[in-house]
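Please open the model in a viewer and follow the stops below in order. Each stop names a selection and describes what is found there.

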Amino acid sequence: EVNAVRIKLRDWEAEQAKAIMESYINVCVADLEKMGQRGESEEKQLKYITDQMSSRQLLHTLANLDLCAVEVLKPEQHPTSPRYSKWEEVQKWSGGEQFSGYTAMFMAILSYTRSQESSERNQSKVLLADNPFGKASSPHVLELIFRLAEKNNIQMICFSALTEDNIYSYFRRVYSLRLRSLMGKDYMHSQLESGSYHLDALEEELLQKRQVAFDWGS
């Protein structure tokens with residue numbers, strides 16, 4: 001089990017960090033004093049404090065965020081060890097691998113954003129995607145994407161015109177939407193695809209009995 005996205009910041013020592021932060025705050029205080037002398041409004045000064053004391057700006061003060069290294073796990077058919085590439089190189093990957101890299105980053109952002117809004121760890125999330133599997137059909141690519149979704153407690157709801165079994169097998173429920181004509185109008189009808197819905201033995205037996213009763217009644 002490895003991280004799909006790695007972010008490396010510049011290292012710093014505790015004493016060094018303390019000195020850097022102290023110097024930064026002194027500069028901010030001096031700027032506030034100048035703003036007060038110029039007669040800047042209290043609202044503008046408060047905005048300055050909010051911006052300069054934000055988590056992002058404080059982290060940037062300790063480690064220049066423009067110089068941080070972002071790496072993404074590259075999917076491989078027969079991996080021997082985790083292989084990472086720089087974020088800038090993801091665009092050079094093949095279509096399916098590119099999709100897995102972008103999806104991994106999006107899931108990381110989604111998980112982080114959700115964690116900031118809740119005190120619970122790894123809370124459930126939903127990812128709604130329109131036709132995401134155009135170039136991602138290789139098993140090693142799909143395996144990485146859906147393993148990421150499982151580990152990060154993300155439910156994927158996807159729309160797609162593809163009907164490959166290797167994609168269907170990753171979803172517990174697969175519905176087909178079909179147009180049906182009725183009294184001169186077209187209506188959208190959803191149909192549960194057979195073999196794409198996981199049922200245990202008892203549920204399957206009950207479903208078959210209900211289907212028999214329905215067929216007999218019709």
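**Stop 1: a nonpolar patch**

Select Ile25, Val29, Leu46, Ile49 and Met53, which make a nonpolar surface patch of about 400 Å² (patch residues have over 30% relative accessible area and no salt bridge, and nonpolar side chains are joined within 5 Å). Helices α1 (14-37) and α2 (42-52) each give two or more residues to this patch. Leu46 lies in helix α2 and counts as exposed because its relative accessibility is 54% (buried means under 20%, exposed over 50%, partly exposed in between, with a 1.4 Å probe and protein chains only).

The model is predicted: local features need pLDDT of at least 70, side-chain atom pairs count only at pLDDT 80 or more, and totals for chains, interfaces and linings use all residues. Residues are numbered from 1 along each chain as its sequence is written, and side-chain values use heavy atoms, leaving out hydrogens and water.

**Stop 2: Glu71**

Next, select Glu71 in strand β2 (residues 69-73). Glu71 counts as buried, at 15% relative accessibility. Beyond its neighbours within four places in sequence, Glu71 is in contact with residues including Arg6, Tyr84 and Trp87 (contact means heavy atoms within 4.5 Å).

**Stop 3: an aromatic cluster**

Finally, select Phe146, Tyr170 and Phe171, which ring pairs link into a cluster (ring centres lie within 6.5 Å; planes under 30 degrees apart count as stacked, over 60 as edge-to-face and the rest as tilted). Phe146 and Tyr170 are stacked, because their ring centres are 4.7 Å apart and their planes at 15°. Phe146 is in helix α5 (residues 139-151), whereas Tyr170 is in the loop between α6 (165-168) and β6 (175-182). Phe146 and Phe171 are both buried.

Terms used
Patch = residues over 30% accessible without salt bridge, like charges linked within 9 Å, V, L, I, M, F, W, Y side chains within 5 Å. Areas by Shrake-Rupley, 256 points an atom, 1.4 Å probe, with all protein chains shown as cover. Salt bridge = Lys/Arg side-chain N within 4 Å of Asp/Glu carboxyl O. Helix = DSSP H or I, 4+ residues; strand = E, 2+ residues; numbered from the N terminus. Phe/Tyr/Trp six-rings, centres within 6.5 Å; stacked < 30°, edge-to-face > 60°.
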